[in-house]
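Subject: Structure handover

Hi,

As promised, here is the structure for you to look at. Please open it alongside this message, and my notes will follow.

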Amino acid sequence: MAGRRVLVSGMGGDLGSRVAALLEQEDWVGDLLGIDADPPRRRLQRARFHLASASDHDRIVELVTAFDPHVVVHLSVWEPFSRASPKQARSLTNQAAISFLGAVAECRSLESLVVRSGIEVYGRARGAATRPDESAAITPTCEFGHMLATIERTAGDLGRRIGVPVAPVRLGGVLGPHVPSPLGRLLRMPVVPFSVLADPPFAVVEDIEAARGFVAAAGRRLAEPVNVLANGAITALQAISRGSRVPYPLIGPDWRIAKFVAELCGAPIPEHVLETLHRGRLADNSRMEELLGFSASGSTVEVIDKLYAWPSVVHVPARKQVA
Amino acid sequence: MPLDRSDTAAQAASSAAVDTGSLGILARWDIDDWGRDATMVRAAARLANLRWSTTIGGHDRLPKIGGAIVVINGRRFGLTPWFVALNLSNKVGRPVRFVGRPDAAPFGALARRLGGLLARPDEVAGALRDGQVLIVGASGTFDPRTLGEIDHRLIGPAVELDLPVFPAAVAVSQTSRSARIEIASAVKPSPRRRGPLAELELTTRVGNRIARLLKEFGGARTGTPLDWLPFSGMGGD
């Protein structure tokens, strides 16, 4: 079991570099390789890293097949309006899925594939289950949900074709001090809109917990989906109150104006966040202990409290202008 | 960047925010995993108690921990499952949810905050696995002494998970303050059945038991003259 070669796609992102840092501490991990369009966000000791754009299929295929990984953790997923517009996010995510999943299919040593997914895949259509578990049907109702469902389907097809277990890790909304989360950004605005008629509950997950989920799924060679999110739930109004922000109640058509204003203020609201604020987003995390070996350590309320306690980015001007 | 963070700063910041914020009271409301708001449930139960004086019998039969289903009769437009869930929550000291909430704002949102679940077998199964007590209502009727149809698909998960199903009769007066909830002992599925017939037969037996309970309640015209008086705590119309 020891000395496994592990590939992390999307190692440059916050979640990717956290997963890499945790994998470096695992006994069973031998060589650790990361590929992303951006360098890792934190210092890594053992991992090797290659810069490659998601669209650079040939280079990615060359790097991946040369490495011939035993375990692949596919994290190259762009959440709409996190670091890219929804259109760019969809394009980059699709390109990364084609490049990485296509390349790993050629690796003879592959034993396990773990892919990043989200509870957005369950969809929030009228009459949809309030708290779906892993066996619930995949019927996404937002763009991000469709993107994640496509990755799950592609990885699942690939796994069946080459006989490798695939574990989609379905995350709640990921929040962290360095995570470019559109939900977190919106909740930290001085004035936050919320749906006064619905104000439904939602659940989130802290980036550390999400990273633990990927490492556990890889270590256990998980072969089924797992929901990873914090316990409990919170509504937008409660979150706003806990952060001492000003709640701005909205009913329906005025959301268009709120979206426009939020975008102008630097916190654009993507479709899946809007859906969360209107229809809520919960999922059953009770199988985490059974499937991953640990259960959620914190509650959604605690993660939201931390969201408001994390310091803002402070821009320090250069002492000497060089350009 | 350390992988573990200290919670001290977050806790201090959040408690300060909650204490000083003008909407601090909202922040302290507790939403559980299913979207039930305990504070709102307590407030609604207080309102219900202003209107009705409810007598509850047999609540000690409900398990202290673990899942269970309580099947009740219902009156059309009466929101009987809501009423029973609110009263039982107060009585047994653990969350009791009702099955059959709408899913459109604002009533669906309000029902969810009061502990409502959608009438879907997978939703019922998930809540039972999570150790919740659920109220499942028969379809509403205009005659309070008549039992409507019970959806056997909502009882099925209890059979699959081998959890108790309790029949309960509910009588709520429309004119006086009297209301009564009587929970009978659990009805077990037939050990002869291994397939879906088990839940069908169990539903029929639960329905028969509720009908018997309703008959035992008696009506305003069959009780003693004392029962005819309003505010007597029993009977009524």
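This is a predicted model: local features need pLDDT of at least 70, side-chain atom pairs count only at pLDDT 80 or more; totals for chains, interfaces and linings use all residues.

**Chain A overall**

The secondary structure of chain A consists of eleven helices and 13 strands. Its radius of gyration is 19 Å, close to the 20 Å that the globule rule gives for 323 residues, so chain A is as compact as a globular protein of that length. If you want a box for it, the C-alpha atoms fill one of roughly 60 × 55 × 35 Å along the principal axes. Of the 323 residues, 55% count as buried. Looking at contacts between residues at least 6 apart in sequence, 79% join residues at least 24 apart.

**Around strand β1 of chain A**

Strand β1(A) covers residues 4–9, and five of its six residues are buried. Which strands does β1(A) pair with in the parallel sense? One is β2(A), residues 29–36, joined to β1(A) over five bridges; within this pairing, L7(A) has L33(A) as its bridge partner. Another is β4(A), residues 71–74, with four bridges, and here S9(A) stands opposite H74(A).

**A buried arginine in chain A**

R281(A) sits in the loop between α9 (271–279) and α10 (288–292) of chain A. Is R281(A) buried or exposed? With 29 other C-beta atoms within 10 Å, R281(A) is buried, the cut-off being 20 or more. Setting aside neighbours within four places in sequence, R281(A) is in contact with I119(A), R124(A), F202(A), A203(A) and T276(A). K320(A), on the other hand, is 39 residues from R281(A) along the chain, and their C-alpha atoms are separated by 48 Å.

**Chain B overall**

Chain B has nine helices and seven strands. Buried residues account for 41% of its 237 residues. Among contacts with a separation of 6 or more, 67% are between residues 24 or more positions apart.

**The sheet of chain B**

Seven strands of chain B form an open sheet with mixed pairing, in the order β1-β7-β6-β2-β5-β3-β4. At its edges are β1 (53–57) and β4 (116–117) of chain B, each pairing on one side only. Strands β6(B) (residues 165–172) and β7(B) (residues 178–183) run antiparallel and are joined by five bridges. In that pair, A171(B) stands opposite R180(B).

**Helices against the sheet and each other**

Helix α4(B), residues 80–92, lies across β1, β2, β3, β5, β6 and β7 of chain B, and runs at about 170° to β3(B). Helix α8(B), residues 197–217, lies across β2, β6 and β7 of chain B, at about 35° to β6(B).

Helix α4(B) also packs with α3(B), residues 38–51: the angle is about 105° and the axes are 9 Å apart. Angles from 65 to 115 degrees count as roughly perpendicular, and α3(B) and α4(B) are therefore roughly perpendicular to each other. On the α3(B) side, V41(B), A44(B), A45(B) and A48(B) meet F83(B), L86(B), N87(B), S89(B) and N90(B) of α4(B).

Happy browsing, and do write back with any questions.

Best wishes

Definitions and conventions
Residues are numbered from 1 along each chain as its sequence is written. Chains are lettered from A and ligands numbered from 1 in the order in which they are written. Helices (H or I, at least four residues) and strands (E, at least two) are DSSP runs, numbered from the N terminus. The radius of gyration is taken over C-alpha atoms; the globule rule is 2.2 Å times the number of residues to the power 0.38. A residue is buried if 20 or more other C-beta atoms lie within 10 Å of its own, exposed if 12 or fewer, and partly exposed in between; C-beta atoms are placed from the backbone. Two residues are in contact if their C-beta atoms, placed from the backbone, lie within 7 Å. Two strands pair if DSSP finds at least two bridges between them. Axes are lines fitted to C-alpha atoms, for helices over the stretch in contact, and angles run from 0 to 180 degrees between N-to-C directions. Angles under 35 degrees count as roughly parallel, over 145 as roughly antiparallel, 65 to 115 as roughly perpendicular and the rest as oblique.
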